[in-house]
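Please open the structure in your viewer and keep the sequence beside it.

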Amino acid sequence: MAERPLSPHLSIWKWGPHMLVSILHRITGDGMALVGLGVLLWWLGALASGPAAYETFAGIATAWYGYVVLVGLSWAFFNHMTSGLRHFVLDIGAGYELDTNKAWSTASPIIGIALTAAFWAAILYL
């Protein structure tokens with residue numbers, strides 16, 4: 001029994017940006033599925049329930065904590081999207097070189113943050 005090889009564990013692998021991006025991809029997907037679905041259903045329910053219900057939703061959504069949730073959801077979307085595009089490129093067999101993989105793993109969350117900032121700048125200032 002002692003001669004059997006051990007399966008790889010996190011303590012064996014050297015941490016890199018690709019591991020962080022993979023974990024963030026899962027977290028943002030779950031966050032959009034749980035929090036995003038709740039916000040979407042609340043918005044649709046308020047829209048269908050009439051002006052008073054929608055005003056309650058809009059009041060909470062435009063409060064500082066509502067903006068925190070909405071900015072967080074939009075960051076989760078853009079981060080998940082850029083990470084998904086990275087995974088798509090990997091799935092077609094490209095980008096496995098160490099330098100390329102590290103560069104795109106580092107760029108993916110940065111592009112997600114930049115897209116979130118551009119999205120909110122367009123919403124708030126245009």
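What follows is a list of selections, each with a description of what is there.

Before selecting anything, note that this is a predicted model, in which local features need pLDDT of at least 70 and side-chain atom pairs count only at pLDDT 80 or more, while totals for chains, interfaces and linings use all residues. Residues are numbered from 1 along each chain as its sequence is written, and side-chain values use heavy atoms, with hydrogens and water left out.

**The whole chain**

Select the protein chain and colour by secondary structure: there are four helices and zero strands, running α-α-α-α from the N terminus on. Helices here are DSSP runs (H or I, at least four residues) and strands are runs of E with at least two residues, numbered from the N terminus. Along its principal axes the C-alpha trace spans about 70 × 40 × 25 Å. The radius of gyration of the protein chain is 20 Å, whereas a compact globule of 126 residues would have one near 14 Å; the value is taken over C-alpha atoms, and the globule rule is 2.2 Å times the number of residues to the power 0.38. Buried residues make up 25% of the 126 residues, where buried means under 20% relative accessible area, exposed over 50% and partly exposed in between, with a 1.4 Å probe and protein chains only.

**Helices α1 and α3**

Next select residues 17–49, helix α1, and residues 64–91, helix α3, which pack at an angle of about 135 degrees with their axes 8 Å apart. That angle makes α1 oblique to α3, because angles under 35 degrees count as roughly parallel, over 145 as roughly antiparallel, 65 to 115 as roughly perpendicular and the rest as oblique. The axes are lines fitted to C-alpha atoms, for helices over the stretch in contact, and angles run from 0 to 180 degrees between N-to-C directions. To see the contact (heavy atoms within 4.5 Å), show side chains including M32 and V35 of α1 and W75 and F77 of α3. By class, this contact of α1 with α3 has eleven nonpolar, eleven polar and one charged residues.

**Helices α1 and α4**

The contact is made by P17, H18 and V21 of α1 together with N101, K102, S105, T106, S108 and P109 of α4.

**Single residues**

Which helix holds N101? Select N101 and you will find it in helix α4, residues 98–125. N101 counts as buried because its relative accessibility is 16%. Leaving aside residues up to four places away in sequence, N101 touches H18, R86 and G95. Then draw a distance from N101 to V39, which is 62 residues away along the chain: their C-alpha atoms are separated by 34 Å.

Finally, select G72, which lies in helix α3. With a relative accessibility of 31%, G72 counts as partly exposed. From G72, a C-alpha to C-alpha line to E3 covers 48 Å in space, and the two are 69 residues apart in sequence.

Key: Ala, Val, Leu, Ile, Met, Phe, Trp, Tyr, Cys and Pro count as nonpolar, Asp, Glu, Lys and Arg as charged, and the others, Gly among them, as polar.
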